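Please examine the sequence and the three-dimensional model shown below. The briefing that follows groups its points by topic.

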Amino acid sequence: MRLDPDELSTDEYRRNPTAVWKQMRDEHPLFHDPNTDVWWLTRYQDVVDVFADHETYSASTYELSTGQVIGPTLISRDDYGHVVRRKIVAPDFVGNRLAGYGQMISDCATDLVDKFASDGEVDLVRQFSARLPVDVISAMLGMEGEGDLFRQWVTDMIMGLSGSPELRVKGLEAKEAFCSHIAPALQNVDDPQRMDHIAKIARAEVEGHRLDEEEITAFCGLLFIAGGETTDKAIANMWWNLLRQPDLFDEVLANPALWDNAFSEMMRHTPPVTSEDRFTTAPVEWYGTEIPVGARVRISMGSAHRDESVFANPDQFDLHRSDLHLTKELRSGAGAEEGRSGHLGFGVGKHFCIGYELARTEAIVGSKLITERCADIAIKKGSDPYPVIVGNAFQAVHQLELTFTPVADLSK
Ligand code: HEM
């Protein structure tokens, strides 16, 4: 039976997209949605192949989204300029340099946990997961404790794209406030005492290229947009998956090393980002149909992760899967070199997520802190959270109300 494109805008799809994705994979591996003029590819290998071919599938789609909010950044570039900029900004987010921010990440999480640890109940989304990533980025930029300010500006900037004239004005005001707030931090970047991320990327020179002030400000904006809501939703989805199967949660409590597995399996089973869009730079043929040049192609990682030809029992959240490269992200996605499949939740290839290790660290450090201070954690009776698709590409539980028994903070 032909898939009705209207199904993509139903509440049922937003609440449970897997049936539609399966129908696409099985019956319409290339699906054209006439309502939006978007071409969907949903099979695992097809998603990997599009990600990997940045010459035919351009990330310039971002010029119409983040580019409108914060200006041009590396995420929308396909050229060598992308490589140079990435070499400047990315090193701070991995390995030893990221480890240098470890205490800061833990402090940000502790501040949040302190605020609810004696209450016996918490909305994990509103009081924790929506706050931690923005607090951390703000602190990394050298503006500790200013997460609330940035959260509001970034929300207003994104809402400014919704089409409403009032929200557009509010969005432009927020952008101005955001830029003015960053401006002083762009001064005195050569001060060797300064070890914040802004100073580091302003000082960095790669192949004779340095970022100018506009690029630095735009990149700071990108960090909040790319690293805020995504990590928020990752933490919430991970907890939702564990708490709705209390045996799994108990297993993780007994063996905290399994938080790593829980994070990886969440990225596969309930990824916060379910798809990415590209523009074709030439006509391409898929399954006997030609996609014209300049068309919008949507690659669905959410669907690829449920591809039965890659993952056994794909709908099951399994902490011990042998068919997922657990605890480590595979940049190449397919994992062909190691004979193991990876989740594609951080993308693949050129634009592979810069913050993949930071997101995992925040989720795990934060979650461990919560379990040290809160016992008997359970989903509040009567609340029935479930993840929904938000916009085109996000998936998350909106609210995660939990009850728990406070544990005395022995460090005080
Ligand atoms: C679990 C949380 C996260 C998810 C699910 C996620 C997802 C993604 C995905 C799918 C891409 C590839 C985009 C594409 O190919 O079109 C990406 C790129 C990117 N992410 Fe993340 N991300 C997360 C956390 C973060 C964090 C914490 C940061 C902040 C450092 C960050 C910064 C970026 C940047 C700057 C890019 C663009 C890289 C480039 O163009 O080379 N992300 N992310």
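Asp37 is found in the loop that lies between β1 and β2. In this predicted model, the phi angle of Asp37 is near 55 degrees, a positive value in a residue other than glycine. Asp37 counts as partly exposed, because its relative accessibility is 48%, which lies between the limits of 20% for buried and 50% for exposed.

- Asn313 belongs to the loop between α17 (301-304) and α18.
- The phi angle of Asn313 is positive, at about 40 degrees, although Asn313 is not a glycine.
- Asn313 has a relative accessible area of 54% and is therefore exposed, as the term applies to values over 50%.

**The sheet of five strands**

- Strands of a sheet pair through backbone hydrogen bonds, and this pairing may be parallel or antiparallel.
- An open sheet is built from 5 strands in the order β1-β2-β8-β5-β3, and its pairing is mixed.
- The edges of this sheet are formed by β1 (30-33) and β3 (57-58), each of which pairs on one side only.
- Strand β2 (residues 38-41) runs parallel to β8, and 4 bridges join the two.
- Within this pair, Val38 stands opposite Arg296 in β8.
- On pairing with β5, β8 takes part in an antiparallel arrangement with 5 bridges.
- Here Glu276 is the residue that stands opposite Ile299 in β8.
- Strands β3 and β5 are also paired in the antiparallel sense, over 2 bridges.
- Ser58 has Phe279 in β5 as its bridge partner.
- Strand β8 (residues 296-300) is mostly covered, since 4 of its 5 residues are buried.

**Helix α3 and Val47**

- Helix α3 lies across β2, β3, β5 and β8, and it runs at about 130 degrees to β8.
- Val47 is placed in helix α3, which spans residues 44-52.
- Is Val47 buried or exposed? Val47 counts as buried because its relative accessibility is 0%, and the limit for buried is under 20%.
- Not counting residues up to four places away in sequence, Val47 touches Leu41, Thr42, Ile299, Ser300, Met301, Ala304 and Leu344.
- Val47 and Ala304 are 257 residues apart along the chain, yet their C-alpha atoms are separated by 6.9 Å.

**The sheet of three strands**

- Another open sheet has 3 strands in the order β4-β12-β9, with antiparallel pairing.
- Its edge strands are β4 (121-123) and β9 (374-379), and each of them pairs on one side only.
- From one strand to the next, the twist averages 25 degrees.
- Strand β12 (residues 401-406) is joined to β9 by 4 bridges, and the two run antiparallel.
- Ile379 stands opposite Leu402 in β12.

**The surroundings of the ligand**

- How many residues surround the ligand? The ligand is surrounded by 30 residues, and the closest are Tyr62, Arg86, Arg278, His351 and Cys353.
- By class, this shell consists of 18 nonpolar, 8 polar and 4 charged residues.
- His82 places a polar side-chain atom 2.8 Å from an oxygen atom of the ligand.
- In the side chain of Arg86, an N or O atom is 2.7 Å from an oxygen atom of the ligand.
- Ala226 has a backbone N or O atom that lies 3.4 Å from a nitrogen atom of the ligand.
- Two or more residues of the shell come from each of the elements α5 (80-89), α13 (213-227), α14, β5 (275-280) and α18 (356-373).
- Which element gives the most to the shell around the ligand? The most is given by α13, with 4 residues.

**Lys233 in helix α14**

- Lys233 is part of helix α14, which covers residues 229-243.
- Lys233 has a relative accessible area of 10% and is therefore buried, given the limit of under 20%.
- Lys233 touches Pro272, Phe394, Gln395 and Ala396, leaving aside residues up to four places away in sequence.

How values were computed:
Residues are numbered from 1 along each chain as its sequence is written. This is a predicted model: local features need pLDDT of at least 70, side-chain atom pairs count only at pLDDT 80 or more; totals for chains, interfaces and linings use all residues. Side-chain values use heavy atoms; hydrogens and water are left out. Buried means under 20% relative accessible area, exposed over 50%, partly exposed in between (1.4 Å probe, protein chains only). Contact means heavy atoms within 4.5 Å. A residue is near a molecule or strand if one of its heavy atoms lies within 4 Å of it. A polar contact is a pair of N or O atoms within 3.5 Å; within protein, one must be able to donate a hydrogen and the other to accept it, and residues adjacent in sequence count only if both atoms are side-chain atoms. Ala, Val, Leu, Ile, Met, Phe, Trp, Tyr, Cys and Pro count as nonpolar, Asp, Glu, Lys and Arg as charged, and the others, Gly among them, as polar. Two strands pair if DSSP finds at least two bridges between them. Axes are lines fitted to C-alpha atoms, for helices over the stretch in contact, and angles run from 0 to 180 degrees between N-to-C directions.
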